[in-house]
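Here's a quick briefing to go with the structure below. Have a look at the helix packing and the aromatic side chains.

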Amino acid sequence: MPTVSVLILSHNNASSIAEAIAPAVNQTHRPSQVLVIDDSTDDSPRIVGDFEKSTDGLVKLMRVEPCNVSRARNIALDHATGEYISFLDADDIWLPTKLAKQVAMLEANADAVGCYALYFDFVKEIDDRQRHVPRKGADDPDLYHVLFEQNLSSSTTLFRRDAMGDLRFDEESTNAEDTIFAAELRLKGRWRLVNEPLVAKRIHPNQASTSYKHRVHNVEARLRWMRNNREVIGHEKADAMIAEQSRGAVGGLEGLYWTRDIATLRWARPMVEAMCPQQYADSFISKVTLYPRWVYRVRDLFSRKRGA
């Protein structure tokens, strides 16, 4: 039976880590290794330690010094032993057949570097959003799809250890790191899709990935990767993707202006200008003067009255 390493990063996830580990251990295709990289200051190590004892060492706790997510991922990869590898976020939950169906997909497709499954969101209980799938996937996605749709999040994927080789995460970057890793693997071969929801992704009220600042840094990281890999991607294709991504970033600024989110626009504008100067210069947003929000409220009020 093909061996699978499940890699979990834990940072103060005491409230959810048990819900992540238990379904991973009890997969219908039982993993050969469940490695938890932990730099927590809460009760997470004790909880993981209990699993370590009850699973006869299948679950293993590795305590590390505080580090960023990319460094933690690399530590995990360096200690993975399975033929196949899958990351699992410490607040997500796998359905019982997640690994079995993905292993079967890769066993049947020797040319694939990895595969991914669909996911659904939940808040507290796994069915509290009726298992609605927010995003459709694509089988054999091209590089554009991997970078722009960002469907290949860490908990949804399974990839071959030998396809990964010496590829590791960029420890200088902690934004879009799973998308960029998936893109690097896409340069080596195909991704396949198991076209059903097999992962439940937990949503938190203050989740970093939902913030505008996170989205700006996410775009910045993807643009940097595209620019650094123009030779591999191909200049024409890379330049087209860079231009589209840049227009999207500037369009986001324009959206902030029209919704009068001036506070966010003030700090985001110089960041986007630095990322995509040409597209920024071509936009009206580079020329407008930003006033306190109350000025726009008054101006909009008078505009509505004149239009009435």
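Let's start with helix α4, residues 98–108: its buried residues are Lys98, Leu99, Gln102, Val103, Met105 and Leu106. Looking down the axis of α4, these buried residues fall within an arc of 160 degrees, so they line one face of the helix. Keep in mind that this is a predicted model.

**What sits on α4**
- Strands are part of the cover over the buried residues of α4, including β1 (4–10), β4 (84–89) and β5 (93–94).
- Also among the covering elements are β6 (112–122), β7 (157–160) and β8 (190–202).

**Aromatic pairs**
- There are nine aromatic pairs in the structure.
- One of them is Tyr257 with Phe284, an edge-to-face pair at 5.6 Å centre to centre, with 70 degrees between the planes.
- This pair ties together distant parts of the chain, 27 residues apart: Tyr257 belongs to helix α10 (residues 235–258), while Phe284 is in the loop between α12 (277–281) and α13 (293–307).
- Tyr257 counts as buried because its relative accessible area is 7%, under the 20% cut-off.
- Elsewhere, ring pairs join Phe87, Phe159, Phe169 and Phe181 into a cluster.

**Charges over rings**
- Tyr257 turns up again here: the charged end of Arg260 sits over its ring, 4.9 Å from the centre.
- Trp267 has Lys213 lying over its face, at 4.8 Å from the ring centre.

Definitions and conventions. Residues are numbered from 1 along each chain as its sequence is written. This is a predicted model: local features need pLDDT of at least 70, side-chain atom pairs count only at pLDDT 80 or more; totals for chains, interfaces and linings use all residues. Side-chain values use heavy atoms; hydrogens and water are left out. Buried means under 20% relative accessible area, exposed over 50%, partly exposed in between (1.4 Å probe, protein chains only). Helices (H or I, at least four residues) and strands (E, at least two) are DSSP runs, numbered from the N terminus. The arc is that of the directions from the helix axis to the C-beta atoms. Contact means heavy atoms within 4.5 Å. Rings of Phe, Tyr and Trp (its six-membered ring) pair if their centres lie within 6.5 Å; planes under 30 degrees apart count as stacked, over 60 as edge-to-face and the rest as tilted. A charge sits over a ring if NZ of Lys or CZ of Arg is within 6 Å of the ring centre and within 35 degrees of the ring normal.
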